[in-house]
Amino acid sequence: MDDDISSTTEEVKLQQGPAENQLDFMDSQNFIQDADTTKTFDLDDDDILDLAGGARDALARHRATSHPEPDTERLSPAGLESRTKLEDPAKKAGPDVEPVQTASKCRAPSALVELVYWRDLQRTGICFGASLFLLLSLSACSIVSVLAYISLALLSVTISFRIYKGIVQAVQKSEDGHPFKMYLEQDIAISSDVVHKYSELALGRFNTAVKELRRLFLVEDLVDSLKFAVLMWILTYIGALFNGLTLIIIAHVAVFTWPVVYEKHQVQIDHYYGLVNNQVKDVIAKIKAKIPGAKPKSE
């Protein structure tokens, strides 16, 4: 009886053995997986930096494939310079870098050019009419009388307007103040920098003119001195017909009319000017060939 019980117990153990072995094997596998998982998430600083570096490299490769950069070797020097200026933030934000002028600003004519070419008809008409009236007045009267009459006319306008505004303010009981307050508060003083700038410019022009006159009168170049003599001879006839103020009036009218005429008929004027210039050059060349000592020493 005992032998039967023992044999039965051994058979049960043998039947249960593989199952228990399987359970032990599964538990060991789970433990290994848990250990691996724990090891995977238990990272130190070096591992994190390695992962971040790999991610950056992958992102750089993705950007390179999606937005390829142009080959710098194939770019021209101008292209490399423009690309460097665009990519360097220090150059863009640097205080020493001058701002690039726009095309519209570079093409914008100065105030004098706009005035001479009649860009603004009202402004140019007022300026031309007032200056021409002043010159004609000076040709008819003395400069003292012209200045006195102009001052009286200006004072009559300003005083009349001042009295009129005072009466209007008294009737309406308003406190608008002086009618010319805006103009009285404006700074019209000329700075010393402007004075030094234009004085140096005028001094440079004066010195250049003196040197040129010395060269002409002392006959440094015979041909240039002869040209100057012919010009002075022509001016003697012009002076007999016109005085200096009349010449200034003619020049003033020409300044306000010639640029517009030349702008409209530029092709024809350039053609005839070229013909005349070539004829003058031929005549001067013949004169230089016949006059001894007319050729420059360098030749």
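Histidine 252 counts as buried because its relative accessibility is 15% (buried means under 20% relative accessible area, exposed over 50%, partly exposed in between, with a 1.4 Å probe and protein chains only). This is a predicted model, in which local features need pLDDT of at least 70 and side-chain atom pairs count only at pLDDT 80 or more, while totals for chains, interfaces and linings use all residues. Residues are numbered from 1 along each chain as its sequence is written, and side-chain values use heavy atoms, with hydrogens and water left out. The chain has 13 helices and 0 strands (DSSP runs, H or I of at least four residues for helices and E of at least two for strands, numbered from the N terminus).

**The chain as a whole**

- Of the 299 residues in the chain, 7% are buried.
- The accessible surface is about 25900 Å², and carbon and sulfur atoms account for 63% of it (Shrake-Rupley method with a 1.4 Å probe; for residues, only the protein chains shown count as cover).
- Among contacts with a separation of 6 or more, 43% join residues 24 or more positions apart (contact means heavy atoms within 4.5 Å).

**Where H7 meets H12**

- Helix H7 (residues 121-140) holds leucine 132, and histidine 252 is found in helix H12.
- The axes of H7 and H12 (residues 244-264) come within 10 Å and cross at roughly 170° (axes are lines fitted to C-alpha atoms, for helices over the stretch in contact, and angles run from 0 to 180 degrees between N-to-C directions).
- H7 is therefore roughly antiparallel to H12 (angles under 35 degrees count as roughly parallel, over 145 as roughly antiparallel, 65 to 115 as roughly perpendicular and the rest as oblique).
- Residues making this contact include Phe128, Ser131 and Leu135 of H7, and Ile248, Ile249 and Phe256 of H12.
- Leucine 132 and histidine 252 are 120 residues apart in sequence, yet their C-alpha atoms lie 7.7 Å apart.
- Setting aside residues up to four places away in sequence, leucine 132 touches Ile249, His252 and Val253.
- With neighbours within four places left out, histidine 252 is in contact with Phe128, Ser131, Leu132 and Leu135.

**Where H10 meets H11**

- Helix H10 (residues 192-217) packs against H11 at an angle of about 100°, with the axes 8 Å apart.
- The two helices, H10 and H11, are therefore roughly perpendicular to each other.
- Leu213, Arg215, Leu216 and Phe217 of H10 meet Asp224, Ser225 and Phe228 of H11.
- Serine 225 sits in helix H11 (residues 222-241) and counts as buried because its relative accessibility is 12%.

**Salt bridges**

- The structure holds 3 salt bridges (a side-chain nitrogen of Lys or Arg within 4 Å of a carboxyl oxygen of Asp or Glu).
- Glutamate 263 pairs with arginine 119, their closest N and O atoms being 3.5 Å apart.
- Glutamate 263 is in helix H12 and arginine 119 in the loop between helix H6 (111-116) and H7, so this pair ties together parts 144 residues apart in sequence.
- Arginine 215 bridges to glutamate 212 at 2.6 Å and to aspartate 224 at 3.0 Å, between the closest N and O atoms in each pair.

**A nonpolar surface patch**

- Leu155, Ile159, Ile163, Ile167 and Val171 form a nonpolar surface patch with about 500 Å² of accessible area together (patch residues have over 30% relative accessible area and no salt bridge; like charges are joined within 9 Å, and nonpolar side chains, Val, Leu, Ile, Met, Phe, Trp and Tyr, within 5 Å).
- Valine 171 lies in helix H8 (residues 143-172) and counts as exposed, at 67% relative accessibility.
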